[in-house]
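Here is a set of questions and answers on one protein chain, meant to be read beside the sequence and the coordinates.

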Amino acid sequence: MWVVPRVSDEHRAARRQQILDAARRCFLRDGFHNTSMQDVIAEAGLSVGAVYRYFPSKNDLITSIAESVVGRAEEVFAELARHDPPLPLIEALDRALAYVDTQTGEDGVLRLAIQVWSEAQRDPSLAEFVAATYTGLRRHYASVVRRAQQAGEVPADADPEAVGAALFGLVPGYFMQRMLTGSPDRETYLAGVRTLLAAHHPAPR
């Protein structure tokens, strides 16, 4: 009796990652709309059936790529929120931007973020995922602000959700400028943020 060998979980995970890596290369090179499933299949070097078994459509690939884009960022931001002792706001931002710097090169996953945002405008399911994801990331910054309040860095009567949203907004603002114009570098950007923060605490006359 012929027995079909079982495929291990490790093999399935490796094959799935092989397809995702191929899709990411295609998307970075040609964009979401100019990439077809046939392009991904050719890039992965697999059969049509093998690719469709894991990803029935290009939208499934895009969603999985989007998850990979934010997955590591979620880990980084969560670590900032639970750091002990609590990080000063400027240091929390510095660490977030240091991660951004590792992901904005030619192969960096954050280069796909702008494509994900664009695609989310026409794909309701992706839009829902993006909204939930960024809301979650923003919550980590609200937590950073609450801990800064406890340390006396932020006024006790400040709204941590509002301050967290503003702080979080500095991150995509940084990497969009870096990718679109090549500047500013992290040190220059942080110097500007420090100046803005200092403007709320004028030196005594």
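Q: How many salt bridges does a search of the whole structure find?
A: The model is a predicted one, and the criterion applied is a side-chain nitrogen of Lys or Arg within 4 Å of a carboxyl oxygen of Asp or Glu. With that criterion, a search of the whole structure gives a count of ten.

Q: Which parts of the chain does the salt bridge between Glu-43 and Arg-25 tie together?
A: The side chains of Arg-25 and Glu-43 meet at 2.9 Å, taken from N to O. Since Arg-25 belongs to helix 1 and Glu-43 to helix 2, the pair ties together parts that lie 18 residues apart in sequence, namely helix 1 and helix 2.

Q: How many salt bridges does the rule find across the interface of domain 1 and domain 2?
A: The domain assignment places domain 1 at residues 9-56 and domain 2 at residues 61-198, and 13 residues from domain 1 and 14 residues from domain 2 take part in the contact. Polar contacts do occur between the two domains, in four residue pairs with both residues at pLDDT 80 or more. For salt bridges across this interface, however, the number found is zero.

Q: What share of the area buried between domain 1 and domain 2 is on carbon and sulfur atoms?
A: The centres of the two domains, taken over C-alpha atoms, are separated by 28 Å. In domain 1, the residues that lose the most area to domain 2 are Arg-24, Leu-28 and Phe-32, which together account for 52% of what that side buries. Between them the domains bury about 1,200 Å², and the share on carbon and sulfur atoms is 74%.

Q: Which helix gives the most to the side of domain 1 that touches domain 2?
A: The residues on this side of domain 1 divide into nine nonpolar, two polar and two charged. At least two of the residues on that side come from each of helix 1 (9-30) and helix 2 (37-44). With seven residues, the one that gives the most is helix 1.

Q: How far apart are the end C-alpha atoms of residues 36-55?
A: An unreviewed UniProt entry annotates residues 13-73 as "domain: HTH tetR-type", and over residues 13-73 the chain is 80% helix and 0% strand. UniProt, again in an unreviewed entry, places the feature "DNA-binding region" at residues 36-55. The span 36-55 is 75% helix and 0% strand, and the separation of its end C-alpha atoms is 13 Å.

Methods
Residues numbered from 1 in each chain as written. Predicted model: local features only at pLDDT ≥ 70, side-chain atom pairs only at ≥ 80, totals over all residues. Heavy atoms only, no water. Domains from an automatic or database assignment. Contact = heavy atoms within 4.5 Å. Buried area = accessible area lost by both parts, 1.4 Å probe. Polar contact = N/O pair within 3.5 Å; in protein donor to acceptor, adjacent residues only side chain to side chain. Helix = DSSP H or I, 4+ residues; strand = E, 2+ residues; numbered from the N terminus. Nonpolar A, V, L, I, M, F, W, Y, C, P; charged D, E, K, R; others polar. UniProt positions renumbered as here; feature names shortened; annotations may be inferred.
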